[in-house]
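Here are my notes for you to read alongside the model. Take them point by point and keep the structure open as you go.

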Amino acid sequence: MATLDPRSVSGLPAGERAQLTATGIRIARGGRTVLSGVDMTVSSRSRWGVVGENGRGKSTLLHILAGALEPDSGTVRRIGTLGVAEQEMASVDGRTVGNLIDVELTDARAALVALDAAAEGLATGDPRAAERYTEALVTAEVLGAWDADRRVDLALENLGAVTDRSRPLASLSVGQRYRVRLACLLGASHDFLLLDEPTNHLDAAGLDFLTDQLRGHPGGVVLVSHDRALLSDVATTMFDLDPSRDGGPRVYGGGFAGYQEGRRAERERWAQEYEQQRAEHARLTQDLSEAQNRLVSGWRPDKGTGKHQRATRAPGLVRAVHRRRDDLEAHAVTMPPPPLRFRMPELPARPGTVLLRAEEVAVEGRLDSPVTLALESGSRLVVTGPNGAGKSTLLAVLAGRIEPTGGSVRTARTARVRLLAQESPRAGSRRAHDVFADHVGRLVSEGVIGEDETVSPSSLGLLSSAELGKPLRELSMGQQRRLDLALTLASRPHVLLLDEPTNHLSIPLVDELTEGLGAVDAAVVLATHDRGLQRDVGSWERLGLGAAARGEPSGVSPRG
């Protein structure tokens, strides 16, 4: 992905006059329509959240709004300055953190230089100095030029970014470079901020700071994100690029809550109308079949019936067939099928049994604070903590994938413990359907589940038949994640361990998964940074690892 210049529109901020308008935007790539029918107006203080599955054109839309990509049709009108942050920022040889800050604050620096020059002109009696000084002063005030560096330094600190301005960008990780870029944008005075998944690479303290900055930003914000907490806290208007009944994008007012309610109602209407069309089509198909049968039988009347009677009946039967065929064609199913809806399979319970017990487990260098816990059917536990605290390590120990260097783990006999790992296995050439079928076959042949306990991939509502027919390497990250979840649930586990389960999943699926997790009888353990998910499971027990680090909730003692 190309790196955009954050100053896509140069000049002074327009303030209350700022406006970013897209009308009739359409763009296709590789013969596939990526965006169509896009209309949006972003003004000062407006907060747009852009959502949609992977590949729906969210990043493409930001590129078009920024002027880095020309649409095939439609127009974009920009009044004001833009700051753009993509998901990743490429390093540039020789450039430093300070260089990036200087580029972002070019206008502020120039304003202060012009102000100093005008002040010197006043001292020399230059007749035009007063006018130049007034202009320079207004410019500096609009840009907040005197405070620009302090704002950037504050953002660097609060985002956990590198503050050493002499550090080469090439020496930083992808996440570190992104945090520096984001700090520069938050410290500048742009009319519009266009941000692509800005919560990537941020911890809890950084997320809180970003949220406060976006809510207080005096200009407009266009935010591409799967982070439900950020969208809930910031967005006032939601732009949904996922398929709709008429194929166009949807705009929802009322912020994220309004989007959730509107989308749910839209999907319900879509499903109802689709089923009504299918039922009407089935009825008319049956009518046509019956009319054709009558036409055939009409030419084979009972014995003793003459040719005259047969000839008299024939035109009416033919007309009935044609009329029903016309009705069938007029009532064809034109509406596309509604999106899949996730259905959690029934997970078994073992009442009165400790399914899994961990006693003082630790892994040297990865999980240093010993953890003790016991899980029964219906147990609900959220594991929190910053990166490196040992969340993934703890879940891998509970699943039996890593041997602890201290303590022990005991699992009840025949209890099924399954882990949805944070990363998907390496994708190969096998088709998703075959991978799932072979997995279920092994579970049955090894006696893990019975024939009557198997689930079909279609019954879970995670992947369409077309997606199941694709080789794994052709699946998107979100589709691969859905397959991982399907494989995990296929064993009907008594204990379900989920490591960052919302990674790469769409917002509708996250909502459906959260609802399903709350209803199952199995024990469920979540390790997550997802603030929206943490809010949704706020009543669950909490286990905080490494809680003294930046901004993570402490929860209960890790020895609890």
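1. First, a term for the open spaces. On a 1 Å grid over the protein atoms alone, a pocket is an open set of points where a 1.4 Å probe fits, with protein on both sides within 12 Å along at least five of seven lines, and lining residues have an atom within 4 Å of a point. Also, this is a predicted model: local features need pLDDT of at least 70, side-chain atom pairs count only at pLDDT 80 or more, and totals for chains, interfaces and linings use all residues. Residues are numbered from 1 along each chain as its sequence is written, and side-chain values use heavy atoms, with hydrogens and water left out.

2. Now look at the largest pocket. It has 48 lining residues, and Gln87, Glu197, Asn200, Asn503 and His504 lie nearest its centre. Sorted by class, the lining has 10 nonpolar, 23 polar and 15 charged residues (Ala, Val, Leu, Ile, Met, Phe, Trp, Tyr, Cys and Pro count as nonpolar, Asp, Glu, Lys and Arg as charged, and the others, Gly among them, as polar).

3. Which element gives the most to that lining? Helix α1 does, with 4 residues (helices are DSSP runs of H or I, at least four residues, and strands are runs of E, at least two, numbered from the N terminus).

4. Follow β8 (residues 237-240) through its pairings. With β3 it pairs in the parallel sense over 4 bridges, and Thr237 is the bridge partner of Trp48. With β9 it runs antiparallel, joined by 3 bridges, and Asp240 stands opposite Arg250.

5. Are the faces of β8 covered or open? Both are covered: Thr237 and Phe239 are buried on one side, Met238 and Asp240 on the other.

6. Finally, β6 and β7 run parallel, with 5 bridges joining them, and Asp196 stands opposite Val224 in β7.

Notes
Buried means under 20% relative accessible area, exposed over 50%, partly exposed in between (1.4 Å probe, protein chains only). Two strands pair if DSSP finds at least two bridges between them.
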